[in-house]
Amino acid sequence: MAVDSSQSLAKAADAHSVRGRGPRTGKTPGRLRRSLSTHWYAWAMVAPVVAVIGVIIGYPLVRGLYLSTTDANEANVERTIGVNHIPATYKSVGLDNYTAVLSDGVFWDRLTWTIIWTVSCVAISFTLGLVLANMLNRKLAGRSFYRMALILPWAVPAFVSVFTWRLLFNEKNGILNKILAGGGIDAIPWLNDPTWAKLSVITVNVWLGVPFMLVAMLGGLQSIPGELYEAAEMDGANAWQRFRHITLPGLRTVSSTVILISGIWTFNMFPVIFLLTRGGPGDATEILVTYAYRLSFVVSPRDFAGSAAWGVIILLLLSLFAVVYRRALRKQGEVW
Amino acid sequence: MTDQKASSARGSKAKVRERGERGPLASVALHVGLLLASATAVLPPLWLLITSFKPTSEAFSTDLVKDFTFRNYDHVVNDTEFLSWLGNSLLVVGLTTVIGVFISATTGYAVSRFRFPGMRSLMWLLLITQMFPVAVLIVPLYNLLASLGLLNQPVGLVVTYLTIAVPFCAWMMKGYFDTIPVEIDEAGRVDGLNPFGTFWRLIVPLAKPGLAVTGFYSFITGWAEVAYASAFMTGEENLTLAGGLQTFVNQYTSDWGSLTAAAVIVAVPAAVIFGFVQRHLVGGLTAGATKS
């Protein structure tokens with residue numbers, strides 16, 4: 001369906017075969033100019049994005065890689081105080097930051113918790129989304145009411161929801177503990193006890209994530225042809241068998257996509273943890289991203305080099321995700 | 001939840017019933033399950049709304065509103081910097097949305113319609129930048145903006161947000177443009193339009209729903225972003241909403257009355273716009289990843 005960006009669409013196919021854009025065959029002089037005149041429309045259209053990404057992601061990325069091999073911190077970077085300009089005095093330390101991070105227990109603690117956090121958030125919200133979508137995807141009085149109610153958490157900006165949950169979780173006066181007190185149960189230190197705080201941040205993130213899963217699964221369910229279910233029923237398949245052998249396989253494409261997307265989002269989920277617990281108590285709920293942020297913007301002196309090293313390691317971990325993602329796409333017959 | 005599902009499944013298994021019908025017990029279970037889930041979903045925002053109408057001193061009372069008051073709203077709007085935060089956010093978000101939609105639409109169109117050298121690497125670039133963690137870029141970006149004098153400037157945040165919103169939006173737009181028949185482009189060419197003309201005069205008007213979804217995504221990206229906004233904007237009058245609201249409830253103060261009122265003002269427009277675009281949202285979100 002896509003065509004070559006040569007000027008004449010109709011001739012695109014011929015141009016392809018005649019010019020032979022094979023990797024090594026077209027190395028004639030003027031190839032660049034011809035390529036330019038052929039493709040400049042396409043290039044002009046993507047130029048702004050490439051420029052923005054290059055300047056705002058490319059440069060900081062290279063710079064971050066460089067910083068991670070230095071001992072840069074708040075005290076020795078280039079800065080201006082009043083009228084005095086103080087040049088940078090940090091120096092290269094090779095891979096010391098990386099060895100320091102990797103040999104430090106803090107990193108492994110944070111990594112373990114980040115993985116628990118990501119897996120449990122995605123697994124729980126996916127399961128709930130799937131169950132609720134199946135419940136909604138049938139003839140039902142009040143269906144649109146339920147639908148609207150269930151996706152409401154998605155409509156509210158995440159940081160507003162997080163503040164609301166802080167109100168509910170308040171240890172002394174929050175509504176949750178007041179309800180528990182009504183049932184004669186002692187107040188729970190939702191955000192002040194390491195274990196409860198972990199459960200709390202997962203709860204809030206699941207609450208935020210279910211609507212996305214729900215709507216995606218509903219879309220997936222509606223794309224499964226009804227005849228399949230009729231045929232299965234004729235053959236005497238019970239509800240569970242139909243779910244197991246028709247619904248689940250029919251949802252495979254959309255589930256693999258949403259699981260990967262939300263896996264990446266959750267791994268990088270900054271606002272929930274930063275605003276709900278600030279990573280506390282201690283650093284119990286700190287995931288890799290918030291910890292790296294803390295190193296460069298919260299602790300004193302700000303440890304820019306250490307933060308950059310954490311960032312690079314996070315990026316490497318996420319590249320693993322990318323490989324998985326690409327494998328998944330390839331299985332689905334994605335061509336590019 | 002699974003119990004209810006199982007029981008509804010048992011109900012539909014019964015032989016005497018028509019296909020798609022449930023027994024009364026299964027129906028009750030289904031409704032109870034959905035009601036519980038809906039209540040869980042709705043209660044926190046509802047509680048926020050209720051609390052915002054209570055006097056500050058009663059922010060934590062479990063009563064529904066006893067002394068209904070607008071004082072929190074009045075206080076937030078008139079006595080705090082809320083309006084400047086709102087203005088900052090609107091400026092940043094507005095610019096991000098307009099520029100983001102425009103450049104992601106052209107990019108999406110180019111990768112949907114043309115095969116050009118560098119396209120595959122561009123697609124990869126767009127995919128990979130989606131998963132860039134804040135942590136790896138934020139310090140160098142902070143230094144870069146500082147050296148350009150763009151800290152505390154809305155422009156700095158706009159450019160930053162573009163890098164978050166645009167890769168994803170370009171993917172969504174590609175998915176959307178793929179659903180528009182190529183014959184329309186061909187007809188435009190036959191009538192003598194160049195590719196820009198075809199794009200602008202024929203395709204953009206057809207792609208309005210897709211553009212709306214993209215616009216919403218850009219809007220939400222800017223409206224709800226916390227990390228960059230907290231790091232790059234300092235000084236009370238320079239904050240955006242995400243940063244500003246943090247000042248109401250931090251380790252030193254806890255002004256829940258102002259927080260709840262401000263949060264409601266922030267949430268309502270977002271929720272209203274969301275209501276308009278939600279039907280198209282997931283299709284767009286997953287299209288880029290699932291369709292070729």
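This is a predicted model: local features need pLDDT of at least 70, side-chain atom pairs count only at pLDDT 80 or more; totals for chains, interfaces and linings use all residues.
Figure 1. A salt bridge joins A:Arg110 to A:Asp283, with the closest N and O atoms 3.7 Å apart. The pair connects distant parts of the chain, 173 residues apart: A:Arg110 belongs to helix H4 (residues 105-136) of chain A, and A:Asp283 to the loop between helix H12 (271-276) and helix H13 (288-297) of chain A. A:Asp283 has a relative accessibility of 24% and therefore counts as partly exposed. The structure holds 4 salt bridges over all chains.

**Figure 2. The salt bridge between A:Arg294 and A:Glu286.** The closest N and O atoms of A:Arg294 and A:Glu286 are 3.3 Å apart. A:Glu286 is buried, its relative accessible area being 2%, whereas A:Arg294 is partly exposed, at 21%. The cut-off for a buried residue is under 20% relative accessible area. In general, side chains of opposite charge can pair when their charged atoms come close.

**Figure 3. The salt bridge between B:Asp185 and B:Arg113.** The N to O distance between these side chains is 3.0 Å. Because B:Asp185 lies in helix H8 (residues 182-190) of chain B and B:Arg113 in helix H4 (residues 82-113) of chain B, the pair ties together parts that are 72 residues apart in sequence. B:Asp185 and B:Arg113 are both buried.

**Figure 4. Helix H10 (residues 239-250) of chain A.** The 12 residues of this helix should span 16 Å at 1.5 Å a residue, and the distance of 15 Å between its end C-alpha atoms agrees. The expected span is 1.5 Å times one less than the number of residues. The buried residues of H10(A) are A:Ala239, A:Arg242, A:Phe243, A:Ile246 and A:Thr247. Viewed down the axis of H10(A), these buried residues fall within an arc of 120°, so they line one face of the helix. The exposed residues A:Trp240 and A:His245 are carried on the face of H10(A) turned away from its buried side. At the start of H10(A), a side-chain oxygen of A:Asn238 comes to within 3.1 Å of the backbone nitrogen of A:Trp240.

Figure 5. B:Asn152 has a phi near 65°, which is a positive value in a residue other than glycine. Most residues other than glycine have a negative phi. B:Asn152 is located in the loop between helix H6 (134-147) and helix H7 (154-178) of chain B. With a relative accessibility of 23%, B:Asn152 counts as partly exposed.

**Figure 6. Surroundings of A:Glu74.** A:Glu74 is placed in the loop between helix H2 (31-67) and strand E2 (79-81) of chain A. Its relative accessibility is 33%, so A:Glu74 counts as partly exposed. Neighbours within four places in sequence being left aside, A:Glu74 is in contact with A:Arg79, A:Ser300, A:Pro301, A:Arg302 and A:Phe304. The C-alpha atoms of A:Glu74 and A:Ser296 are 8.5 Å apart in space, although 222 residues separate the two in sequence. In chain A, residues 24 or more positions apart account for 64% of the contacts with a separation of 6 or more.

Conventions: Residues are numbered from 1 along each chain as its sequence is written. Chains are lettered from A and ligands numbered from 1 in the order in which they are written. Side-chain values use heavy atoms; hydrogens and water are left out. Helices (H or I, at least four residues) and strands (E, at least two) are DSSP runs, numbered from the N terminus. Buried means under 20% relative accessible area, exposed over 50%, partly exposed in between (1.4 Å probe, protein chains only). The arc is that of the directions from the helix axis to the C-beta atoms. A polar contact is a pair of N or O atoms within 3.5 Å; within protein, one must be able to donate a hydrogen and the other to accept it, and residues adjacent in sequence count only if both atoms are side-chain atoms. Contact means heavy atoms within 4.5 Å.
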